[in-house]
Amino acid sequence: MSTLAAAIRNHFVAPPYVEAKASFYRSPRDIFAQTIDLLLGVTPGISVAIIVVTCFFSWGRAALAASPDPTTDATSTAGPGAAAIPAAQPTSSATEKGANGPSQIWNWHVQNTDIGQGDPGFAAKYSGPQSLSGKGEVQETVTLDLFAGVRLWRGAEAHVDGLMWQGFGLSKTLGIEAFPNGDAYKIGTETPYFQFARLFIRQTIGLGGEQEAVPDDQLTLAGKQDISRMTFTIGRFSPLDIFDHNTYAQDPHTQFMNWAMVGNLTWDYSADPVGYTTGIAVELNQPKWALRYGFFQMPRVQNSFTADDQFLMWRPSGATGSAGADGPFLRAWGMVVEFERRYSVNAHPAAIRFLAWLNEADMASNHAATAIVLAKGPGADISAAQAYRYKYGFGLNWEQEVAENAGLFSRLGWNDGHEQAWTYSDANWTASLGVSVKGDRWQRPGDTFGLAGIVSGASRSNQKFLEAGGLGILAGDGALTYGCEKAVEAYYDFPIWEPAHVAVDYQFISNPAFNRDRGPVSVFGLRLHWEL
C-alpha cells in the first residue's frame, strides 16, 4: 500500500506521467497482481482466470481486401460530439490501407477494475432478509475483461468480451435501489466466475454523404463510416451498449459508480444478473438525430441467468443456483425504442434522448402478491400471483456541455409500477442531475471531478407490497415506512501511471430502499482501473 500511496502523492506534487511513470510503471501482469494484493487485499491463492481469445483474422483480411471500400465501420458509441472525435491510431491491432486511410482488421483490449467500498454502520429500527446491514462492512469487487474484434466483410465486425468477476456488493447487493457500485452484480462470488459477456456481429450500411472517424476502442475497430447509416447488431450484449448513453455518466469503471448513473433506474431492461442477454438492435443515424430499436430475450425466472449462460459461463464446481433459462420466445421479452436529437448551444454540443420500453414476462401483480403476503406472512410463496403480463415505462436522458471540458447531465424515468420488477431495480420513478468537470481547469488534464444527486421512489402498489413484508429485487426490510430514496455521489478520478487511474468516491444515501426507518448511510469507495 505504501507504493500506491507514494504514487498518489507524487501525482499531486509532480507533473503527471513524468516521475510517476519512471518510478511506478509496471507490466500489465504486475499491475493486476498489485491491484489484487495491495488495493483490495483479496485472499492470496485465488487464481484469476486470464482469458485467451484467438482471432482468426486472415479470412477477414482477405474479405476486406476484396471489398472496393474498406473504410465503412461500425457505429460509434461516443456522445453528441462523435463526428468531431479523430480516429485513434490503431494499437495492438492489424491495419490495412484503404482509399481514405487506415482501417483496422482486428484489435484487442483489456481492462481491470477493482472497487473497495465500505460504510461505518447506521441506525435502523428493524432489518429484513434483503436489508442493507446496519452494522457496517467493507466489500470489494474485481472485474477483468478481454475484448477482441475482427472485421468480417465490408461494414461487418464481430466482437467478443470475456469477463471475469469476483466479489460482492455491500450486503450482497441488497438494501439500496440506487446501488453505489456499478460492478456489484446481483450474483456475487468468492471464487471467480467467467463468462462470454458479449458475443455479437455488427453490420453497418452506409447511406452516403459525409463520413466520421471511428476510434479504436473496446467494441469498435478504427476506421471511417458514413454519418448517415443503418446499423444492425445481433448476438449477446447489454441493452446499455446501444441505448441510454450519456457522455458524462455511463461507465462505472471510469466515471460515476452508482447504478443510477450507469442507466435509467426505472428501465427494467432485459438481462441476466450481470447485465447481458441475447437480442437484436437496429439503428438509423443521421447528422442531427438517431432512431434505435431493440428486441431482447428475458430470463424465465426473476433476476436469474439466461439460457445462454448455460454454455457461455463457467462457474466453480458446487456453485449454487440455476444455470438459467429463457422464457418462451413470444412471451418473455423486452422491447425498447429510443430517439436521440443532437444540437448545440453557443457551439457547445448537447443531446436529448427519449426512451420508451415494453416488457412481457411471468410477473407477479403487486396487488395480488400483497394479498398473499398479508394472508400467509412475509416470505410467502407468491407464484400464484404470477402471470404473463406487460410492463412499460419511459425515460429522458439529457447532456449539455456548458464550457470546454465541463458538462451537465440528467436522467428522468417512470414505469407503470403495477407489476414486480424483473431484472434491474424496484424503482418506479427517478430523477437525477449532475455535473462532470475535467481537470484542465486546474492544470491536471487527466483528472475528472463529478457530482450528482439522485431521487427515486415506488408506486403506491409497490409500497403496499413492501409494507406487507414482500421482497423485491433489491428491497425487502420486512416492513416499510415509506420515503423516497435520495442519494448523492461525488468522485475524483486521476491517473497514477500511464495506463492506470485511481478514484476516490463518496456517496450519501437517505431512506435506503424507500425506508425512513433506516439510515441514512455514508458509503466510502476507492477504485483502481487500468486498461490497454
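Which element of the chain has the lowest mean pLDDT, and which the highest? I looked this up before anything else, as the model is a predicted one. Helix α2 (residues 19-24) has the lowest mean, 30, while strand β17 (residues 448-457) has the highest, 98. Over residues 1-101 the pLDDT stays below 50, and this stretch still has 210 contacts in the model beyond near neighbours in sequence. Where pLDDT is low, the predicted coordinates should not be read in detail. I left that part alone. For the chain, the mean pLDDT is 83, with 79% of residues at 70 or more.

**Entry: Glu-531**

I picked Glu-531 and found it in strand β20 (residues 521-531). Next I checked what Glu-531 touches. Leaving out residues up to four places away in sequence, I got Val-110, Gln-111, Gln-218, Thr-254 and Pro-499.

**Entry: the cores**

Which residues of the largest nonpolar core touch the most other members? Out of 58 residues, my answer is Phe-243, Met-261 and Trp-267. I then listed the elements that each supply at least two residues of this core: α5 (259-262), β13 (348-364), α7 (366-376), β17, α8 (460-467), β18 (485-497) and β20. Helix α5 gives the largest share, four residues. Apart from this core I found another one of 13 residues, including Met-164, Tyr-492, Ala-500 and Leu-528.

Back to Trp-267. Setting aside neighbours within four places in sequence, I counted Pro-239, Leu-240, Phe-243, Asp-244, Val-336, Leu-355, Trp-357 and Tyr-424 as its contacts.

**Entry: strand β9**

I looked at the two faces of β9 (residues 277-285). Thr-277, Gly-279, Ala-281, Glu-283 and Asn-285 make up the covered face. Thr-278, Ile-280, Val-282 and Leu-284 make up the uncovered one. In a regular strand the side chains alternate between the two faces of the sheet.

Which strands does β9 pair with? Strand β8 (residues 229-237) runs antiparallel to β9, joined by nine bridges, and Thr-233 has Ala-281 of β9 as its bridge partner. Strand β10 (residues 289-297) is also antiparallel to β9, with seven bridges. There I found Leu-284 bridged to Leu-291 of β10. β9 and β10 form a hairpin, and three residues lie between them.

**Entry: aromatic rings**

How many aromatic pairs are in the whole structure? My search gave 25. I zoomed in on Phe-354 and Phe-394, whose rings are stacked, 6.1 Å from centre to centre with 20° between the planes. This pair links distant parts of the chain, with Phe-354 in β13 and Phe-394 in β14 (residues 386-403), 40 residues apart. Phe-354 counts as partly exposed because its relative accessibility is 42%. Phe-394 is partly exposed too, at 36%.

Last, I traced a cluster linked by ring pairs: Phe-179, Phe-200, Phe-237, Phe-243, Trp-259, Trp-267, Tyr-269, Phe-296 and Tyr-424. Phe-243 and Trp-267 turn up here, and I had already met both among the residues touching the most other members of the largest core.

Methods:
Residues numbered from 1 in each chain as written. Predicted model: local features only at pLDDT ≥ 70, side-chain atom pairs only at ≥ 80, totals over all residues. Heavy atoms only, no water. pLDDT = per-residue confidence, 0-100. Contact = heavy atoms within 4.5 Å. Core = buried A, V, L, I, M, F, W, Y, C linked by side-chain atoms within 4.5 Å. Buried < 20%, exposed > 50% of the residue type's maximum accessible area, 1.4 Å probe, protein only. Pairing = 2+ DSSP bridges. Phe/Tyr/Trp six-rings, centres within 6.5 Å; stacked < 30°, edge-to-face > 60°.
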